[in-house]
Structure formats: C-alpha cells, structure tokens
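Dear colleague,

Please read them beside the coordinates.

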Amino acid sequence: MTGAYNCPTCSKESYDVVPIMRIMQKLDELFDKNDLRAVGELLEYWEREARILHDDRGLLEILNEEIGYFRRTGNKERGISAVNEAFDLIKALGADSLESSGTIYLNGATTMKAFGETASAMQYYEKAKEIYEKHLSSDDYRLAAYYNNVSSAYKELNRVDEAEKSCYNAISILEKSGDKYNGEIAVTYVNLAHLYYDSDNFDDRVYSCMDRAWELLSSEKNVQDGNFAFLCSKCYPSFGYFGYFDYEKKLKAIVERIYEGN
C-alpha cells in the first residue's frame, strides 16, 4: 500500500513504509530542545501512518520510541500499552533473537519498572541480557545501559548486592571510552549514592559517589548537547537531596542554557 502522508514536521513526500531514519533525526532535534509536546505529536502522527501502511517493522520502531517517551512524561497507561504491543510485535515478526529486539526488551522492562511492575519486568531484562551477550562485545555501550537499568530494578526488589554489582559493571564498561560517557557514569554514581543511602546502615560512600558524579559532570571535556542536558536533569535533584545545593543550582543552569540555546 502506497500513499502520500504529510507529517507536520517533515517535507511533503510519499512513502510505502515510514521513513524511520528521518523520523529519528527529527526526534533528536526535538529532544535537544526538550520540546516534549512536539515529540508526542510526531510519534502520534507516524504511529498512525505506520498502521495505515501496514508497516509492522516501522510501527515497532515507533512503539519503542513511545515506550521511552511515555516513561519520561509519566503516562503509565500509554506506556504499558506500548510495551505490550511492542513485545507482541516482536513475536509476530519472528524477531525475538535479533539484536534490535534486545534494546526494545530493555526499554520496555525499564518502563514497566518505572510504573511499578518491577517483578514482571525482570524476565524482559533477562531477555535483553541474553540477546546482548549473544550479539555484542563485552565493552559495548548497550551492555552498560542494561546494567544501569537493571541495577535500579534490583534495588526496588531489595537485591542490594546485585544492584551494586550492576552499577560497577556499567561503570567499568563506560570508563573504557574515556570521557565520552562522563554524564552516563555520573548518573551511575548518583544511583550508587542512593543505594548506599537507603541501606540499613548509612554508608558514607554516599558522599564519595556524589563527589565523583560532580567531578564527571563538571569536566570541560563534556559535549554540551541535549543528551548532556538530559543527564544533568536526572542528577541535579539528587545533589539537592544530599545537600549539595550549589551543585544543584549549577546543573540546573547548565540544563536551562543548553535547552534554550538549542
């Protein structure tokens, strides 16, 4: 089936499948400006067009983006619905062992965890790990993303040792890339700080973790882009929580400057 469909943010063209690469480029532009309203409109538009075109593979890509978007915007009903449909589509397409499906399982599990379905999410974290270990090298960034996300799930389930180990596995992988992933490593140290703070016996490693996170976030080698702004926005509430009010203020200013500049 072929037809002409006009995206409000794309040039007028005809498609027989949705133009995933162009959609992803536009999403990156919108996320760099933190324009979440426009992100939602773009995803809604191309979800509808993928269904009209019966483009199941394109729909799966759009659903994966929606899974993260609805997690970020706190829309549980739409988020869980997107997760369930994406998982069903993976099976229908016979794509259960593909590398790309590992990312969708990880994204879906993280959204399930964010919306209080942590126990149910664990089987999909395991699926993601199995696929990643089959296809990826041991120092691949996506494995670090798995460890970072599953560590939060372990913490929710009070599996503290596994949560801590997962954090350090993520740090070990990310540090191999030098300063490229300073922001992501900082997020992991913030997660560790909360893990140590919430333990039965207060652990003063909370402060060493937060100090290390600030050191990484304040490095002059960081690329000041939308992704870095997003990572700073994930960290600055924790700096305030632990009493680092000056650092919280500075990170907020960085976030505002980057988004406004974009």
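This is a predicted model: local features need pLDDT of at least 70, side-chain atom pairs count only at pLDDT 80 or more; totals for chains, interfaces and linings use all residues.

Residues are numbered from 1 along each chain as its sequence is written, and side-chain values use heavy atoms, with hydrogens and water left out.

Helix α2 covers residues 36–52 and helix α3 residues 56–73, and the two pack at an angle of about 150 degrees with their axes 10 Å apart; the axes are lines fitted to C-alpha atoms over the stretch in contact, and the angles run from 0 to 180 degrees between N-to-C directions. The pair is therefore roughly antiparallel, a term that applies to angles over 145 degrees. The crossing of α2 past α3 is left-handed, that is, the near helix is turned anticlockwise from the far one by less than a right angle. Among the α2 residues that meet α3 are Leu-36, Val-39, Leu-43 and Trp-46, and the α3 side includes Leu-59, Ile-62, Leu-63 and Tyr-69, contact meaning heavy atoms within 4.5 Å. By class, this contact has nine nonpolar, three polar and six charged residues, where Ala, Val, Leu, Ile, Met, Phe, Trp, Tyr, Cys and Pro count as nonpolar, Asp, Glu, Lys and Arg as charged, and the others, Gly among them, as polar.

Asn-34, in the loop between α1 (20–32) and α2, has a positive phi of about 55 degrees although it is not a glycine, and with 32% relative accessibility it counts as partly exposed. His-54, in the loop between α2 and α3, likewise has a positive phi of about 55 degrees without being a glycine, but at 62% relative accessibility His-54 is exposed. For these terms, buried means under 20% relative accessible area, exposed over 50% and partly exposed in between, with a 1.4 Å probe and protein chains only.

The second pair is α6 and α7, whose axes come within 10 Å and cross at roughly 160 degrees, so these helices are also roughly antiparallel to each other. Here too the crossing, of α6 past α7, is left-handed. The residues of this contact divide into nine nonpolar, two polar and five charged. One of the α6 residues that meet α7 is Thr-118, which is buried, with a relative accessible area of 6%. Leaving aside neighbours within four places in sequence, Thr-118 is in contact with Met-112, Lys-113, Ala-153, Glu-156 and Leu-157.

Finally, helix α8 (residues 160–175) has 16 residues and reaches 23 Å from its first C-alpha to its last, close to the 22 Å expected at 1.5 Å a residue, the expected span being 1.5 Å times one less than the number of residues. Its buried residues, including Ala-163, Cys-167, Ile-171 and Leu-174, pack against α7 (141–156), α9 (182–197) and α10 (205–217). In the loop between α9 and α10 lies Ser-199, which is partly exposed at a relative accessible area of 26%.

Methods. Helices (H or I, at least four residues) and strands (E, at least two) are DSSP runs, numbered from the N terminus. Angles under 35 degrees count as roughly parallel, over 145 as roughly antiparallel, 65 to 115 as roughly perpendicular and the rest as oblique.
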